Amino acid sequence: MKPEVDRMLEVSAIALLTRLGPGLPSAYEKSTAGALGALLLALREEFERGAARRFEENAAIRAIFERALPVVADPALREPLRDACIAGTTNLAISALEAENARLRGLLIELHASLESQSGPDAASLVEVIWRELARSTERRKLAMAMF
């Protein structure tokens, strides 16, 4: 058997939502089964896109760092930014991509704070770029099922 995780999650969710849940005796149990079914569908969606989303987000943050290098006034921040531009993980496991994302987001916060304390159009432009990426990141994380 080839375990197709997305398909197993879908089949389990549908079973909870349509067959098992409705047959439970109490409203609480039915509600719990419905919530678990919805959770399984959300997990299925995240399983499908999880690595790609993290990879895309990490690349976008690195691109911001590259753009920021000539603008950042704080010399102590330039080295970690330069290192982050060069060193990306080759491990596509979700846990590795998520750890890298957490590291890059921490550095993005430092960059954002540093740019906020700088004056000039280049720093202000980069702050806008950071806000746009944060908005795109929020959009990437949206679940399609939340639209129903």
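Helices are DSSP runs of H or I with at least four residues, and strands are runs of E with at least two, numbered from the N terminus. The exercises below use this convention on a predicted model.

**Exercise 1.** State which elements the protein has and in what order they run.

*Solution.* Begin with the count: the protein has five helices and zero strands. Read from the N terminus, the order is α-α-α-α-α.

**Exercise 2.** Decide whether the protein is a compact globule or more spread out.

*Solution.* For 148 residues the globule rule gives 15 Å. The radius of gyration is 21 Å, well over that value, so the protein is more spread out than a compact globule. Next, take the box along the principal axes: the C-alpha atoms fill roughly 65 × 35 × 20 Å. Then turn to burial, where the cut-off is under 20% relative accessible area; 32% of the 148 residues count as buried. The accessible surface is about 9100 Å², and carbon and sulfur atoms hold 63% of it.

**Exercise 3.** Describe how helix α4 packs with helix α5.

*Solution.* Locate the helices: α4 spans residues 94-116 and α5 spans residues 121-141. Their axes lie 9 Å apart at an angle of about 145°, and α4 passes α5 in a left-handed crossing. Now list the residues in contact. From α4 these are N101, R105, L108, L111, H112, L115 and E116; from α5 they are A123, L126, V127, I130, W131, L134, S137 and R141. Sorted by class, the contact has nine nonpolar, three polar and three charged residues.

**Exercise 4.** Give the share of contacts with a separation of 6 or more that join residues 24 or more positions apart.

*Solution.* Among contacts in the protein with a separation of 6 or more, such pairs account for 65%.

Note on methods: Residues are numbered from 1 along each chain as its sequence is written. This is a predicted model: local features need pLDDT of at least 70, side-chain atom pairs count only at pLDDT 80 or more; totals for chains, interfaces and linings use all residues. Side-chain values use heavy atoms; hydrogens and water are left out. Axes are lines fitted to C-alpha atoms, for helices over the stretch in contact, and angles run from 0 to 180 degrees between N-to-C directions. A crossing is left-handed if the near helix is turned anticlockwise from the far one by less than a right angle, and right-handed if clockwise. Contact means heavy atoms within 4.5 Å. Ala, Val, Leu, Ile, Met, Phe, Trp, Tyr, Cys and Pro count as nonpolar, Asp, Glu, Lys and Arg as charged, and the others, Gly among them, as polar. The radius of gyration is taken over C-alpha atoms; the globule rule is 2.2 Å times the number of residues to the power 0.38. Buried means under 20% relative accessible area, exposed over 50%, partly exposed in between (1.4 Å probe, protein chains only). Accessible areas come from the Shrake-Rupley method with a 1.4 Å probe; for residues, only the protein chains shown count as cover.
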